[in-house]
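Visitor: I'm new to this one. Can you walk me through it?

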Amino acid sequence: MTELAIKKKQRPKNLDLSTIRLPLPGKVSILHRVSGVGIFLCLPLILALFQWSLSDEGFASVQAVVNNPIGKLVLLGLIWAYLHHFCAGIRFLLLDWHIGIDLPSARKSAGLVLIISLTLTAIIGGTLLW
Amino acid sequence: MKRNVVGAHYGLTTWIAQRATAVLMAVYTVIFLVAVLAVQPGTVDAWRGIFANGFMKFVTFLFFLSLFYHAWIGIRDLWMDYIKPTGLRLSLHVLTIAVLIGYAGWASKILWSL
């Protein structure tokens, strides 16, 4: 092993999640993953709802799901997950283009992603579900 | 380069596919929201009408395929990050692909049964 490799091995590591204070861009990043996994797990639900909504008998059942408080909450959660993933994704695309990669800009855009996705959730969720 | 049987594709293809599918989905999202706002579907006929024409059918199917391809890349990254044993990771990769191909078949059936 080279000297550098040995040095790397001896670096202190802290992987204790409870003691790590994640900065804002880190929070947006993990929420991007969490929202993606959430949407993936809900894919059968989304396809089933889409299929039902297009049939004569199913349309009313899907309307009942939308009007049910728990159904509304789940769908609102999904809309947030989609919009957060959408906004955070656009931020990552901009970072890929080397736009806003300095630390102050990256922090600011992370905050903007959280605010814009929550605002869009209120507007689009409100329009579609109420 | 040391290549792992369940490693990434060692190229730009997947990385670009993840971004290209994201852009396709973003464009479709706008088309869908505009269509819903324009039609205001309060009845099943109006709602079905949105997907009745060939263009909407095509772009909606394209959206679903982009979604499933995008999901494959994202979930594959997840397995690569958290699941270290090769056999288990390979099994999860196969399972993820199988499920997503099934969803693609389901989505085509929904759209072309209209």
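Guide: Start with one term. Two residues are in contact if their C-beta atoms, placed from the backbone, lie within 7 Å. This is a predicted model, where local features need pLDDT of at least 70, side-chain atom pairs count only at pLDDT 80 or more, and totals for chains, interfaces and linings use all residues. Residues are numbered from 1 along each chain as its sequence is written, while chains are lettered from A and ligands numbered from 1 in the order in which they are written.

Visitor: OK. How many residues of chain A are in contact with chain B?

Guide: 14 residues of chain A, and they meet 16 residues of chain B.

Visitor: Which helices of chain A supply that side?

Guide: Helix H2 (24–53), helix H3 (56–67) and helix H4 (69–96) each give at least two residues. Helices here are DSSP runs (H or I, at least four residues), as are strands (E, at least two), numbered from the N terminus. H2(A) brings the largest share, eight residues.

Visitor: And how do the residues on that side of chain A divide: nonpolar, polar, charged?

Guide: Nine are nonpolar, four polar and one charged. Nonpolar covers Ala, Val, Leu, Ile, Met, Phe, Trp, Tyr, Cys and Pro; charged covers Asp, Glu, Lys and Arg; the others, Gly among them, are polar.

Visitor: What scores does the predictor give the complex?

Guide: An ipTM of 0.91 and a pTM of 0.90. Chain B averages a pLDDT of 93, and 93% of its residues score at least 70. pLDDT is the predictor's confidence in each residue, from 0 to 100. Where pLDDT is low, the predicted coordinates should not be read in detail.

Visitor: Switching to chain A as a whole. What is it built from?

Guide: Five helices and zero strands. Its C-alpha atoms fill a box of roughly 70 × 30 × 30 Å along the principal axes. The radius of gyration of chain A is 20 Å, whereas a compact globule of 130 residues would have one near 14 Å. That radius is taken over C-alpha atoms, and the globule rule is 2.2 Å times the number of residues to the power 0.38.

Visitor: How much of chain A is buried?

Guide: 18% of the 130 residues. Buried means 20 or more other C-beta atoms within 10 Å of the residue's own; exposed means 12 or fewer; partly exposed is in between, with C-beta atoms placed from the backbone.

Visitor: Now chain B. What's the span of helix H3?

Guide: H3(B) covers residues 54–82, 29 residues, and reaches 42 Å from first C-alpha to last. That is close to the 42 Å expected at 1.5 Å a residue. The expected span is 1.5 Å times one less than the number of residues.

Visitor: What covers its buried residues?

Guide: The cover includes H2 of chain A, plus helix H1 (12–39) and helix H4 (86–112) of chain B. Among the buried residues are B:Phe64, B:Ala71 and B:Trp72.

Visitor: Why does B:Ala71 count as buried?

Guide: Because B:Ala71 has 20 C-beta neighbours inside 10 Å. B:Ala71 touches A:Phe40 and B:Leu100, not counting residues up to four places away in sequence.

Visitor: What about phi of B:Gln40?

Guide: Near 50°, a positive value in a residue other than glycine. B:Gln40 sits in the loop between H1 and helix H2 (44–50) of chain B. With 8 C-beta neighbours inside 10 Å, B:Gln40 counts as exposed.
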